[in-house]
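Visitor: I have a structure to look at and have not seen it before. Can you walk me through it?

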Amino acid sequence: GRVGVTLVAGSPDIDLDPDWCPAACAQLEPLYAGADGKVFRVRGATAGPWLSYMVQGVDTDSQALLALADPAVDVRRSVILENGQIPPDYPRTSLTGAGIINLVEKSNNHLLVKLNSTEPGWLVVPDTYDPGWQATVNGNHVPLLRANYAYRAVQIPAGTSEVRMRYIPQGFTVGAAISGAALSGCFALVVVGRLRTRRLRSRGRATHVAAPGHHKES
């Protein structure tokens, strides 16, 4: 539940034995059991995204992972970020922030969220971070940060906002530009070739008309 996982699937013979998972198994509730496997619901878990109004600063990945696993850190109120990513003027603690989130669209490479927040904060998306992800808030490009060890977050202002995230693989833009230039070059070559062909044909017709004819003498 701390990382947005709402369902857990396993093999048909998996058993919730408290001896090997005393803490985790207590959070799981049987939802489905069949020949193809078992599915459990995580009690009280919601998938996200969510709004956080406090910041837990860390210096390393190891510290981020420890903070994520620390029960004392409320990951729904505190977003875990590297200290170098946190704006220097950003208030790290707010106990009164609240908001409403409307998840409009979500796919493997696109996310659209409309929200209303009483204070500036962070929209945390419990999906895998990758440098290819880009974000806009109200149409303006904003930094998309790696948060909670492996997930994504963007800073949002107070009031109504529209947050959009798109995944564009690294190198895609450069590759598209190169491909576009290559296609343009091919098109230009085709046009030039056709123009040359037309000119040669025109010259041939002009030469044929200007050539002296053969007259039969009587």
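Visitor: How many cavities of 30 Å³ or more are there?
Guide: The count comes to one cavity of 30 Å³ or more. A cavity is a set of points, on a 1 Å grid over the protein atoms alone, where a 1.4 Å probe fits but cannot get out. Grid points are joined across faces, edges and corners, and a volume is the space filled by probe spheres set on the points.

Visitor: And what sort of model is this?
Guide: This is a predicted model, in which local features need pLDDT of at least 70, side-chain atom pairs count only at pLDDT 80 or more, and totals for chains, interfaces and linings use all residues. Residues are numbered from 1 along each chain as its sequence is written, and side-chain values use heavy atoms, with hydrogens and water left out.

Visitor: Back to the largest cavity. What is its volume?
Guide: The largest cavity has a volume of about 70 Å³.

Visitor: Which residues line the largest cavity?
Guide: The lining includes Val58, Asp61, Ile80, Arg146 and Tyr149; a lining residue has an atom within 4 Å of a point. By type, the lining divides into six nonpolar, three polar and three charged residues. Ala, Val, Leu, Ile, Met, Phe, Trp, Tyr, Cys and Pro count as nonpolar, Asp, Glu, Lys and Arg as charged, and the others, Gly among them, as polar.

Visitor: Which element gives the most to that lining?
Guide: Strand 6 does, with three residues. Helix 1, strand 6 and strand 12 each supply at least two. Helices (H or I, at least four residues) and strands (E, at least two) are DSSP runs, numbered from the N terminus.

Visitor: Is strand 6 largely enclosed or open?
Guide: Four of the five residues of strand 6 (residues 78-82) are buried, so strand 6 is largely enclosed by the rest of the structure. Buried means under 20% relative accessible area, with a 1.4 Å probe and protein chains only.

Visitor: What does strand 6 pair with?
Guide: Strand 6 runs parallel to strand 5 (residues 54-58), and five bridges join them. Two strands pair if DSSP finds at least two bridges between them. Gln56 stands opposite Ile80 in strand 6. From strand 5 the chain crosses through helix 1 (residues 61-69) to strand 6, a right-handed β-α-β crossover. Right-handed here means that, with the strands pointing away from the viewer, the path from the first strand over the helix to the second runs clockwise.

Visitor: New topic: what joins strand 2 to strand 3?
Guide: A hairpin does, through two residues. Strand 2 (residues 28-34) and strand 3 (residues 37-42) run antiparallel with six bridges, and Tyr32 stands opposite Val39.

How values were computed:
Buried means under 20% relative accessible area, exposed over 50%, partly exposed in between (1.4 Å probe, protein chains only). On a 1 Å grid over the protein atoms alone, a cavity is a set of points where a 1.4 Å probe fits but cannot get out, and a pocket is an open set with protein on both sides within 12 Å along at least five of seven lines; lining residues have an atom within 4 Å of a point.
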